[in-house]
Each structure stands twice: as structure tokens, then as C-alpha cells.
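The tour goes from one selection to the next and says what is found at each stop.

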Amino acid sequence: TRLTSHADWTRLPAVRENRVFAVEAGSYFSRPGPPLTEGVAILAAVCQPSLYDDRIPAGARRIPACRP
């Protein structure tokens, strides 16, 4: 894809460490209420995995093809 073919893509720490995730933005971030709270929890777990026993949250999906 256009993003992964960028010259600096493989220099990103998240890519090198296989920590690139997809989250359904429309389900978690587009409207107020409980889904927004769940979305914030997903982001917290993805951004600070050591605080969440390195578990991938149910609302996130690792993108394995992003490895250099």
C-alpha cells in the first residue's frame, strides 16, 4: 500500500516491533457514550502493552503484514 511503501515506514519503532494495529474507528471513536470509553481503553492497551500483560484488546487487530 501507499503507506507501507513510504521510504521511512520500516524505520518506525512500531513497525520494527510488530506493534501496528487496526481499530474500527466508527465503532469506538465517532460518537460519545460507552463505545468511546471502550475505544480509549483499547488505545491504552495498545500504547502501553506492559500495563495490560501484553494482551491485544478484543477491539484491536494486529496487522502482521507491517513487519519490515
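Start by selecting Ala 7, which is exposed, with a relative accessible area of 69%. Ala 7 belongs to the segment before H1. Keep in mind that what you see is a predicted model.

Next, select the whole protein chain and colour it by secondary structure. How many helices and strands does the protein chain have? There are three helices and two strands. Followed along the sequence, they come in the pattern α-β-α-α-β. Turn the view slowly: the C-alpha trace spans about 40 × 25 × 15 Å along its principal axes.

Of the contacts in the protein chain with a separation of 6 or more, 56% are between residues 24 or more positions apart. Then show the surface. The accessible surface comes to about 5000 Å², and carbon and sulfur atoms account for 57% of this surface. Buried residues make up 24% of the 68 residues in the chain.

Colour the charged side chains. The protein chain has 9 positive and 6 negative ones, and the centres of these two sets lie 5 Å apart. Side chains of opposite charge can pair when their charged atoms come close. How many salt bridges does the structure hold? It holds two.

For one of them, select Asp 8 and Arg 11, whose side chains meet in a salt bridge with an N to O distance of 3.5 Å. Asp 8 is partly exposed because its relative accessible area is 38%, which falls between the limits of 20% and 50%. Arg 11, at 59% relative accessibility, counts as exposed.

Now move to Asp 53 and Arg 55. These two residues form a salt bridge in which the closest N and O atoms are 3.9 Å apart. The distance counts because the cut-off for a salt bridge is within 4 Å. Both Arg 55 and Asp 53 are exposed.

Select Asp 54 next. Asp 54 lies in the loop between H3 and strand S2 (60-62). Look at its backbone: Asp 54 has a positive phi of about 55°, although it is not a glycine. Most residues other than glycine have a negative phi.

Asn 18 is another stop of this kind. Where does Asn 18 lie? Look in the loop between helix H1 (13-16) and strand S1 (21-23). Asn 18 is not a glycine, yet it has a positive phi of about 55°. Is Asn 18 buried or exposed? Asn 18 counts as buried because its relative accessibility is 12%, and buried means under 20%.

Pick out Leu 36, which is found in helix H3 (residues 34-47). At 33% relative accessibility, Leu 36 counts as partly exposed.

Note on methods:
Residues are numbered from 1 along each chain as its sequence is written. This is a predicted model: local features need pLDDT of at least 70, side-chain atom pairs count only at pLDDT 80 or more; totals for chains, interfaces and linings use all residues. Side-chain values use heavy atoms; hydrogens and water are left out. Helices (H or I, at least four residues) and strands (E, at least two) are DSSP runs, numbered from the N terminus. Buried means under 20% relative accessible area, exposed over 50%, partly exposed in between (1.4 Å probe, protein chains only). Contact means heavy atoms within 4.5 Å. Accessible areas come from the Shrake-Rupley method with a 1.4 Å probe; for residues, only the protein chains shown count as cover. Lys and Arg count as positive and Asp and Glu as negative; His and the chain ends are not counted. The place of a charge is taken as NZ of Lys, CZ of Arg, CG of Asp or CD of Glu.
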